[in-house]
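Dear colleague,

Please find below the structure that I am handing over to you. A summary of the findings follows it.

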Amino acid sequence: MQQFDTVILGGGPGGLAAAYGLHAKGQNVAVVEKDLWGGTCPNSGCDPKKILMAAVEAQGRSAALQGHGLTGVPRIDWAALMAAKRAYTQGIPSGTQGGLQAAGIANLHGTASFNADGTLQVGDQQLNATNVIVATGQAPRLPQIAGQEWLRTSNDFLDLDTLPNDVTLMGAGYVGVELAAIANAAGSRVHLVHHSDRPLRAFDGDLVTDLLALLTQDGIDVRLGTDIVQVAPAGDQYRVTTRDGESWITGMVFATAGRVPVVADLHLDRVHVATTAHGITVNDHLQTTNPHVFAVGDVVDRPQPKLTPVAGFEGQYLTTALTTPDAPAISYPVIPSVVYGKTQLAQLGVTPAQAADQPNEYRVSDLDLTHWYSYQRVQDPHARIKVVLEKGSGRIVGAAVLSMEAEQVINYLDFVIQQHLDAVAINQTIMAYPTLASDLTYFH
């Protein structure tokens, strides 16, 4: 039996942050990964998606400037784009494992499960540790419908040799909306189906409505308030049928309605670790109902968004919590969320809806940015921001943005909120002009 101070289950961003941090503190650490080293984000999630999205964004900017200095909208070459994606992703697993080996951190490839005595079994190897960190993440959820076996997932989409002429996406959350934007820009007919009339529920409703209108304007068939109940082969394609009795023929159907925590193989019940349908239950020290088992990242049931930077933040926190007596509870900073596309939707901090519920504390400034220079020069006809300000201090405490530049603006505002900068402090800073950063002074 091998003995360690900490064994980490999952070699993604959260697990790796904890592994390197604890190793640097002198702990004897092992990392176990059953799939691809590096985890979802760099292999089949945010990183490869953003590589594909780079072409989508460039195409969108070019289209916006037609008649304003550019002629001709570029066509996306799917094969070349996928080759660029694979050139990045193919080296991730070996590079990640190689990094662990170079650092002297033990690494095992295989499926881990708890034994009743608290030890871990990985194949024919048995591991014992003072503490275990579960960082196994989430996997795409396949809905229980007739023809489930014909469904693909986002993992499949991000590694398609050929993009079908017609695709159907089941679920209009982050994943569905982003994949719809990519497929549409690459020339496919896209059907985006969502079970309710309010997708992207965590985001501002007005801006979501604006975004869905833009997707429809781009030619995406957005269907709200209905479910796909059956998928059946139709020659070399598939017939999709909805709850309302509508049907159509499509090239591929992708399940993009949520993800589920990867816990099935762990046998957490053997070590009395409580879970819910949303993941592992933890306290404010990321400790489970077993005092020697902790959890980080997307596998955790918590209100914070399930994002890569959050997982890394939690992994860094456990580096301190597991090596410092009486460590304080975890305290999350404001967390930005972005839905990528030709037009991006971003949000952080106090939401406009939360502000509306507390009118004595906050006010919301709803600004049409289309005539601001930063957006006029790139011909962004849909730029809009809702800025939430704290009445007492006048400081910005939240924002929701819809524009071609939303990802950059939300990061600037993240810094403003995190540093508690007020209008005076911002005005006393000289920014490069004209830039998105120089617009900060006008948001108060």
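Seven bridges join β21 to strand β22 (residues 384–390), and the two run antiparallel. Strands pair if DSSP finds at least two bridges between them; strands (E, at least two residues) and helices (H or I, at least four) are DSSP runs, numbered from the N terminus. Within this pairing, S365 stands opposite V387 of β22.

Please note that this is a predicted model, in which local features need pLDDT of at least 70 and side-chain atom pairs count only at pLDDT 80 or more, while totals for chains, interfaces and linings use all residues. Residues are numbered from 1 along each chain as its sequence is written, and side-chain values use heavy atoms, with hydrogens and water left out.

Both strands belong to an open, antiparallel sheet of five, ordered β19-β20-β23-β22-β21. At its edges lie β19 (337–339) and β21 (362–368), each of which pairs on one side only.

Helix α8 (residues 205–217) packs on the sheet and touches β20 (344–349), β22 and β23 (396–403), contact meaning heavy atoms within 4.5 Å. The direction of α8 makes about 15 degrees with that of β23; axes are lines fitted to C-alpha atoms, for helices over the stretch in contact, and angles run from 0 to 180 degrees between N-to-C directions.

The structure also holds one disulfide, defined as a pair of cysteine sulfur atoms within 2.5 Å. C41 and C46 form this link, with their sulfur atoms 1.9 Å apart. The link is left-handed, with -130 degrees about the S-S bond.

Yours sincerely
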